[in-house]
Amino acid sequence: MKIAVAGTGYVGLVTGVCLAENGHEVTCVDVDEAKIALMNQGISPIYEDGLEELMQKNKQRLCYTTDYMQAYSTADVIFIGVGTPEKRDGSANLKYVYSVADQIAENVVKDCVVVVKSTVPIGTNDRLEVYFEERVRAGIRVFVASNPEFLAQGTAVKDTLYPSRIIIGTEEDFVANILKKVYQDFSAPLLITNRKSAEMIKYASNDFLALKISYINEIANLCELVGADIEDVATGMGFDSRIGNKFLHAGIGYGGSCFPKDTKALHWFANFHDYEMKTIKAAIEVNDNQKLRMIKKARKFYRELKGLTISVLGLTFKPGTDDLREAPSLVNIPILMDEECKIQAWDPVGSENFKKRFPEGIVYCDTIEEALTNSDLCMIFTDWEEIKRLDVHKYSEYMRKPIVIDGRNCYHLEQFEDTDIIYDSVGRRIVNGAHSIGYGVM
Ligand code: UDX
């Protein structure tokens with residue numbers, strides 16, 4: 001099948017490449033000429049495991065272009081995979097979706113199906129179909145279907161090639177059949193529903209996961225107060241298949257391109273319909289507070305943070321990606337900078353992007369050891385494997401005062417038992433905390 005994909009971000013590019021892997025002729029369209037030039041050299045503009053290999057393997061079936069006229073006028077199916085970022089008021093910004101819709105409307109010369117993969121508020125697909133009706137040439141019909149994407153960054157290729165489910169939102173049988181044909185070689189449960197339900201499935205899924213994380217984070221905070229251990233608590237809960245053992249990892253809060261924006265967007269959307277989603281509101285509030293707990297903990301060890309040297313391990317919102325969107329580091333590091341701390345940061349892939357936002361005021365280190373050298377406190381924001389594998393004795397070997405505040409529970413408590421390192425993690429007892437008086441004013 002001849003497919004065009006609008007947008008070459010995580011959703012668009014990965015979708016396009018995986019559809020090519022399944023035998024379709026795919027044209028990936030973007031307005032960004034620099035990105036297109038990179039992809040034409042076989043280079044992926046995003047860091048995603050296995051993506052460049054698939055781009056290379058399927059290069060005969062893949063084309064990258066800014067020429068949307070050609071792409072949209074010849075395609076049987078056009079996927080929209082552009083971003084729907086957050087507006088200031090929390091609602092979803094649909095300007096990129098509508099800008100692609102305008103380009104499609106101007107250029108289609110035959111009936112076609114437009115498939116919306118971008119996460120859009122409930123009712124958008126219906127409105128888009130009317131939008132096309134009002135704009136395309138006489139005699140042509142553009143059918144709109146919803147087909148939400150559930151990929152996670154870092155595992156995007158795997159998640160797309162082997163999806164947990166394929167959701168098709170359409171009221172037209174023949175459109176459903178076209179999409180079934182697109183996905184005929186994928187093995188996954190398939191649900192065909194109406195467009196609004198498909199759009200809702202996406203928000204309901206993401207927001208449920210965000211809620212689950214905020215819930216376990218609150219339980220972790222309570223564990224700290226009463227002396228319970230969140231790792232054991234989560235393991236114990238996870239044996240119940242109704243709860244499940246995934247997404248029960250307590251930490252300093254969720255980030256990324258989806259959970260923060262999709263929780264706010266659904267909350268805004270419900271409010272717009274005069275309905276207050278109390279659970280989602282709570283998930284958002286808990287997450288905002290969770291991100292600030294590291295600084296509060298730091299102040300337990302040092303009443304004054306001013307002038308301290310702080311090691312920062314991990315900058316990205318999670319491992320396996322160079323994406324910084326809504327990363328807890330972005331909230332905490334400016335506070336440390338305001339306190340005139342000397343920041344020594346290490347991240348295996350995120351430093352370049354961080355440097356673009358903060359070119360001054362941070363020492364970007366090539367090794368973890370360099371970041372730890374002569375520091376007064378270490379904060380771990382991302383659970384990179386390199387951090388988890390580190391011999392913990394290095395904290396006392398390199399740091400001036402070995403205090404580690406771990407926002408991702410990278411280690412077992414026992415690893416710190418016979419050391420002089422103060423280890424303060426999430427939802428667990430502080431190891432060697434009794435010595436902390438010696439370091440500052442509690
Ligand atoms: C998420 C969804 O998983 C995906 O299905 C959806 O399509 C897009 O949003 P992503 O944002 O790439 O994907 O990452 P994910 O692995 O879900 O992690 C999101 C955030 O939650 C990260 O900051 C991560 O550290 C945090 N998280 C995740 C936790 O704090 N605890 C957990 O148990 C799981």
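Two residues are in contact when they have heavy atoms within 4.5 Å of each other. Before you start clicking, note that this is a predicted model, where local features need pLDDT of at least 70 and side-chain atom pairs count only at pLDDT 80 or more, while totals for chains, interfaces and linings use all residues. Residues are numbered from 1 along each chain as its sequence is written, and side-chain values use heavy atoms, with hydrogens and water left out.

**Stop 1: Leu179.** Select Leu179 and show what surrounds it. Neighbours within four places in sequence aside, Leu179 touches Phe79, Val115, Ala145 and Ile168.

**Stop 2: the core.** Now widen the view to the largest nonpolar core, which has 36 residues. Such a core is a set of buried (under 20% relative accessible area, 1.4 Å probe, protein chains only) Ala, Val, Leu, Ile, Met, Phe, Trp, Tyr and Cys residues joined through side-chain atoms within 4.5 Å. Tyr64, Phe79 and Leu179 have the most contacts inside it.

**Stop 3: the domains.** Colour the chain by its domain assignment (automatic or from a database): domain 1 is 2–193, domain 2 is 202–290 and domain 3 is 293–439.

**Stop 4: domain 1 against domain 3.** Together they bury about 580 Å², counted as accessible area (1.4 Å probe) that the two parts lose on being put together, summed over both. Finally, select Tyr10, Tyr47 and Gln153: in domain 1 these lose the most area to domain 3, together 80% of what that side buries.

Note on methods:
Buried < 20%, exposed > 50% of the residue type's maximum accessible area, 1.4 Å probe, protein only.
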